[in-house]
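Below is a short briefing on a protein structure.

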Amino acid sequence: MTPELLGFQIAHRAMRGEARRLSVLATELAEGRQSADTNRAGAISAFIARMCATIHHHHMSEDEVLWPVIERSAGAEVDLRDLSDDHSALDPLLAEINGQATTFASTGDASPLVAPLARLADMLDEHIEEEERLLFPIITKYVSVADWKRVEHAVRKGSDVRVELPRMEEYAGPEELARLRRLAGPMLTVMLSLFRGGYRRRQRLVFGPLAGA
Ligand SMILES: [Fe+2]
């Protein structure tokens with residue numbers, strides 16, 4: 001048996017997808033192609049805060065749990081310094097975006113969010129592509145299933161299943177979703193049916209009426 005990387009892959013895709021969608025949304029708001037009343041501005045601001053916290057937590061779990069597992073399992077096979085440097089470079093950017101999102105909720109002016117969100121989306125694309133290219137084969141080859149479960153547990157820790165599960169559903173392809181259902185069992189279907197509605201309502205409020213349909 002080898003580690004199941006599907007959950008990680010979808011989590012990466014969701015981070016990239018959300019950052020890119022927010023970058024487009026901020027541009028459209030700043031250019032007046034979309035508008036946000038107080039309610040929507042608050043929802044966008046809260047969405048950004050949650051996204052920043054998720055990305056930070058994901059990278060912290062990689063630094064603290066995944067990197068030691070890889071170093072122990074694969075030893076000299078891999079150099080993690082560039083990926084760690086990316087994590088360090090992302091943190092101040094996330095803090096900046098977080099601060100701007102709070103300001104946006106009260107001013108309604110999205111212009112200061114445009115550049116940092118575009119930068120975040122670009123950095124995540126580059127970082128995650130590199131990470132998957134470099135590490136996924138190493139994890140499959142050297143990391144034990146037990147160690148990998150520990151990593152997944154650390155990444156999931158503290159996340160809100162009401163958001164996390166429908167978010168996975170949104171970013172998984174149909175075949176991946178079928179695989180997730182096989183891996184997680186019938187409880188996943190039950191939980192998705194409980195949380196899907198609230199998640200989609202929030203997606204529509206943040207990204208517009210066609211989102212999360
Ligand atoms: Fe990473």
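Asp-147 is buried, with a relative accessible area of 14%; buried means under 20% relative accessible area, exposed over 50% and partly exposed in between, with a 1.4 Å probe and protein chains only. The model is predicted, so local features need pLDDT of at least 70 and side-chain atom pairs count only at pLDDT 80 or more, while totals for chains, interfaces and linings use all residues. Residues are numbered from 1 along each chain as its sequence is written, and side-chain values use heavy atoms, with hydrogens and water left out.

**Asp-147**
- Asp-147 sits in helix α5, residues 145–156 (helices are DSSP runs of H or I with at least four residues, numbered from the N terminus).
- Beyond its neighbours within four places in sequence, Asp-147 contacts Val-69, Arg-72 and Ser-73, where contact means heavy atoms within 4.5 Å.

**Asp-63**
- Asp-63 belongs to helix α2 and is partly exposed, with a relative accessible area of 32%.
- With neighbours within four places in sequence left aside, Asp-63 is in contact with Pro-68, Ser-84 and His-87.
- The C-alpha atoms of Asp-63 and Leu-80 are 9.4 Å apart in space, and the two are 17 residues apart in sequence.

**Largest pocket**
- The largest pocket holds about 990 Å³ of space (on a 1 Å grid over the protein atoms alone, a pocket is an open set of points with protein on both sides within 12 Å along at least five of seven lines, and lining residues have an atom within 4 Å of a point).
- Its lining has 40 residues, of which Gly-7, Glu-152, Arg-156, Leu-165 and Met-168 are the closest to the centre.
- Two or more lining residues come from each of α1 (6–30), α2 (38–74), α5, α6 (161–171), α7 (174–184) and α8 (186–207).
- By class, the lining of the largest pocket has 22 nonpolar, eight polar and ten charged residues (Ala, Val, Leu, Ile, Met, Phe, Trp, Tyr, Cys and Pro count as nonpolar, Asp, Glu, Lys and Arg as charged, and the others, Gly among them, as polar).

**Largest cavity**
- The structure has one cavity of 30 Å³ or more, a cavity being a set of points where a 1.4 Å probe fits but cannot get out.
- About 40 Å³ of space lies in the largest cavity; a volume is the space filled by probe spheres set on the grid points, which are joined across faces, edges and corners.
- The lining of the largest cavity includes Leu-22, Ile-44, Phe-104 and Leu-113.
- Helix α1 gives the largest share of this lining, four residues.
- The lining of the largest cavity has nine nonpolar, no polar and no charged residues.
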